[in-house]
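Look at the structure below. This report takes up a loop residue, then a strand residue, then a helix.

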Amino acid sequence: MKFSHLCGAALVLLLAGCGDKPSGGGNVVDNEAVATGAAANAMLANALAPPDPNDPARLQALIAKAMPMVMSDSRDALYRNLRGGAAGAACGEVASKPIGRAAPVFRPFVINPDGIAVVAETPKLAFDDPNDFVADAWIRWCASPEELQKLAPQLHHAATDPGAMANVDAGAEPPVPDTPPPPPPARPAPAVKPPPASVESFFNSVQHSGH
């Protein structure tokens, strides 16, 4: 029902309750009209109230729409710690349905207000790693004031440590220098020592044997 229809209905009901008077001319309160007007006011107040961020139906609708884009088994997955985030985001943990008796491995996930979902690769977010974009999304949309207070040392370390801020891809090849390095210095050839005097060469031995 649109807002304009609700306002019109509430106004008509309130006017109807206030305008009807008994024929006797006394100021008798029409209880039915008052109750109807109160109900219309309640409907109007509910229409104007902001949606509950933790409404289970709303969270379920967000998950059903966004999670299949990042998890092929999202319909059979297990969810826990679901709650609403800032500006209509959804936060929680998800685990693929385990095989056999294996324990489920829950990982944090975030669905931002635009309905885009991201799922962490591990159960623990690396808040001190600038390359962990799921941790960044969690801080932006899901972290409570208490969480931010606890994470302040890690965030401060990540912001002040030059090594932590370097965007390094662990699988990337090292950069190739513009000029090749100079060749290593040539080693001198080892000196050949003459045989001892008591040992004759093969040629001299042959000559002696011919005499």
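At 65% relative accessibility, A87 is exposed. Exposed means over 50% relative accessible area, buried means under 20%, and partly exposed lies in between, with a 1.4 Å probe and protein chains only. A87 sits in the loop between strand 1 and strand 2. Strands (E, at least two residues) and helices (H or I, at least four) are DSSP runs, numbered from the N terminus.

This is a predicted model, where local features need pLDDT of at least 70, side-chain atom pairs count only at pLDDT 80 or more, and totals for chains, interfaces and linings use all residues. Residues are numbered from 1 along each chain as its sequence is written, and side-chain values use heavy atoms, leaving out hydrogens and water.

Phi of A87 is positive, although A87 is not a glycine. N81 also has a positive phi and is not a glycine. N81 belongs to strand 1.

| Residue | Phi | Relative accessible area |
|---|---|---|
| A87 | near 55 degrees | 65% |
| N81 | near 55 degrees | 54% |

N81 is exposed too.

Now turn to helix 3. Which residues of helix 3 are buried? In this helix, residues 56-66, they are L59, I63 and A66. Seen down the helix axis, these buried residues fall within an arc of 85 degrees, so they line one face of helix 3. The arc is taken from the directions that run from the helix axis to the C-beta atoms.

The face turned away from the buried side carries exposed residues: Q60, A64 and K65.

What covers the buried residues of helix 3? The cover includes strand 1 (78-84), strand 2 (90-95), strand 3 (107-111) and strand 4 (117-119).

Conventions. Contact means heavy atoms within 4.5 Å.
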